[in-house]
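Subject: Structure for your files

Hello,

Please find the structure below. My notes on it follow.

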Amino acid sequence: MFFALEEIMTRHTSTCQNRGVEETETNEIRARFAPSPTGHLHVGVARTAILNWLFVRHHKGKFILRVEDTDQARSSRESEMKIIEDLRQLGTDWDEGPDIGGQFGPYRQTERLDMYREVAETLLKKGAAYRCFLSQEEVDSRREQALASGESTILRSPYRDALEEVWQEKLAAGEVPTIRLKVPDYLEEVVFNDLIKGEIRFKAETIPEFVMLRANQTPSYNFAVSVDDALMKISHVIRGDDHLTNTPKQILVYRAMGVESPLFAHIPMILGADRSKLSKRHGSVSVGQFMEEGYLPQALVNFLSLLSWSSESKEEILSMDRLIDEIDLDRISSSAAIFDRSKLGWMNGQYIRGMDEEDFIRSALPFLKKAGRPADDSEITRKILLSIQSKIETLQQIDHHVSVFYDDDTTPDSDADAIAQTEESQRIYRAFVEEAGKVDLLDLKGFRSVMKNVQKKSGVKGKHLWMPIRVGLTGKTQGPDLPIIIETLGKEHCIKRVRRFIQQEIS
RNA sequence: GGCGCAUUCGUCUAGGGGUUAGGACGCCGCCCUCUCAAGGCGGUAACACGGGUUCAAAUCCCGUAUGCGCUACCA
């Protein structure tokens with residue numbers, strides 16, 4: 001499970017030098033998703049995962065899941081499990097990962113610590129990195145000074161070109177250095193061609209000589225990422241554009257290792273309604289939360305993939321297969337997108353309405369149960385659910401729309417009450433109670449004949465007859481079709497509900 | 001402060017030298033209808049600003065403004 005480092009690096013180096021020849025062999029598309037297990041799966045991060053996954057499946061490559069857990073304080077195994085669960089829920093799968101292993105494992109950074117140390121050591125020997133004995137405090141104060149005097153805040157450590165005696169002495173004295181990357185003296189700029197943003201250039205003096213290995217011997221993010229991507233033979237790095245300025249640092253690590261850089265694609269960020277970074281302040285942000293609120297995985301995936309990407313067909317409701325088929329880095333725009341909840345709602349509604357009966361019932365039942373209603377899959381329950389399928393945007397809204405079937409004593413809306421109080425309505429209600437009392441069974445047929453008689457007695461017809469009845473039966477001016485309500489309520493409940501609106505006659 | 005990225009209807013976006021600047025969400029109206037939805041039809045609304053280049057600029061170039069990101073021994 002653990003390759004000799006030199007061997008891996010030589011292999012990489014040689015493939016990159018003999019490109020033409022080895023091309024076919026090393027041409028495999030390999031992309032990765034590398035979350036840090038410090039919480040739930042944020043939709044912005046999920047979007048990155050989805051894009052990577054779609055891209056890989058489109059190109060018939062390999063998708064790698066790697067856990068970046070070097071931040072010991074914030075990482076947890078629970079979080080890792082939750083993230084994996086959410087990824088599965090969204091429909092993504094991976095070919096290599098911490099849970100299933102793979103050729104280039106291990107896939108947790110904390111299990112790769114030896115590799116980072118080895119690479120750091122190698123880079124030290126090659127002169128591509130150096131030991132820095134600056135303390136955290138010294139680094140901070142240098143930065144403050146630079147800021148105050150208006151100079152560049154890019155740190156150039158005094159130990160960068162220190163003589164061997166100097167650092168040997170420090171080492172002997174028991175001081176533990178960090179290992180910093182050396183930006184080569186001859187380097188003028190780092191240029192790369194981002195697959196989405198185009199050509200990006202950084203002047204060498206603006207690239208910090210960042211810490212690769214901390215004093216506690218753990219790798220920093222930029223270092224670990226580069227080492228892992230190189231060793232795992234990642235061909236395409238697709239990630240948020242907040243990493244754009246990290247890229248030159250990482251490119252320098254690849255060069256120091258003598259490894260060819262992967263291709264980069266920096267996708268635009270997802271923002272909240274106020275154009276700031278999408279966070280809890282903007283409402284739900286984790287995939288888990290959206291699932292709990294009754295959003296469908298496929299709708300979320302579809303919606304997320306349409307943020308900054310568009311199908312050439314201009315269609316918007318796209319199945320997983322179509323997304324895989326049509327995904328194209330060239331069609332990803334380069335500006336940030338705002339997370340529009342109302343459009344997500346609409347799209348989720350589209351998916352809900354598009355479900356066949358069985359699918360819908362199966363997905364709806366748990367939410368009915370969660371709402372404390374009898375979730376028994378009986379014929380009547382199915383009818384109730386189906387009657388509101390076109391009214392909801394999320395499964396969670398089932399409870400709200402379904403209450404009319406279960407609650408006899410809801411307090412009427414004010415506009416409903418106003419309708420119930422009219423003299424005409426009162427006439428209708430009295431006639432209804434009287435007529436309904438006469439029939440044995442208030443099923444659909446019974447209801448129709450009762451209403452015919454009510455119409456005759458009250459002299460009211462059309463919507464002036466039906467709306468008061470709706471209000472009398474439900475306490476609301478809107479809701480599911482009346483027939484299904486009658487059918488599920490039955491005679492007793494119908495009479496009971498209407499009766500409570502009848503005022504005592506004063507005379 | 002430095003560096004980097006971005007800027008087309010309120011939002012997601014198409015279009016990338018010649019278009020009545022297209023679609024979707026939202027919103028408004030109409031139709032359907034016992035109601036609300038759904039569905040159908042229609043309407044509202046945009047090229048940040050200033051300079052160039054060009055016969056012609058939303059589109060190419062340069063500036064400005066604004067927003068965002070990075071600037072840690074966080075990721």
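Contacts with the RNA

In this predicted model, an N or O atom in the side chain of Lys343 is 3.2 Å from a sugar or linking oxygen of RNA strand B, which is a polar contact (a pair of N or O atoms within 3.5 Å). A polar side-chain atom of Thr245 also lies 3.2 Å from a sugar or linking oxygen of RNA strand B.

Of the atoms of RNA strand B that come within 4 Å of the protein, 72% belong to sugar and phosphate. A residue is near the strand if one of its heavy atoms lies within 4 Å of it. Helix α13 gives the largest share of this surface, five residues.

Helix packing

Helices α5 (residues 113–126) and α8 (residues 221–231) pack at about 95°, with axes 10 Å apart. That makes α5 roughly perpendicular to α8 (65 to 115 degrees). Axes are lines fitted to C-alpha atoms over the stretch in contact, and angles run from 0 to 180 degrees between N-to-C directions. Helices are DSSP runs (H or I) of at least four residues, numbered from the N terminus. Met115, Tyr116, Val119, Ala120 and Leu123 in α5 meet Phe223, Ala224, Val227, Asp228 and Leu231 in α8 (heavy atoms within 4.5 Å).

Conventions

Residues are numbered from 1 along each chain as its sequence is written, with chains lettered from A and ligands numbered from 1 in the order in which they are written. Local features need pLDDT of at least 70 and side-chain atom pairs count only at pLDDT 80 or more, while totals for chains, interfaces and linings use all residues; side-chain values use heavy atoms, leaving out hydrogens and water.

Regards

How values were computed: Helix = DSSP H or I, 4+ residues; strand = E, 2+ residues; numbered from the N terminus. Parallel < 35°, antiparallel > 145°, perpendicular 65-115°, else oblique. Polar contact = N/O pair within 3.5 Å; in protein donor to acceptor, adjacent residues only side chain to side chain.
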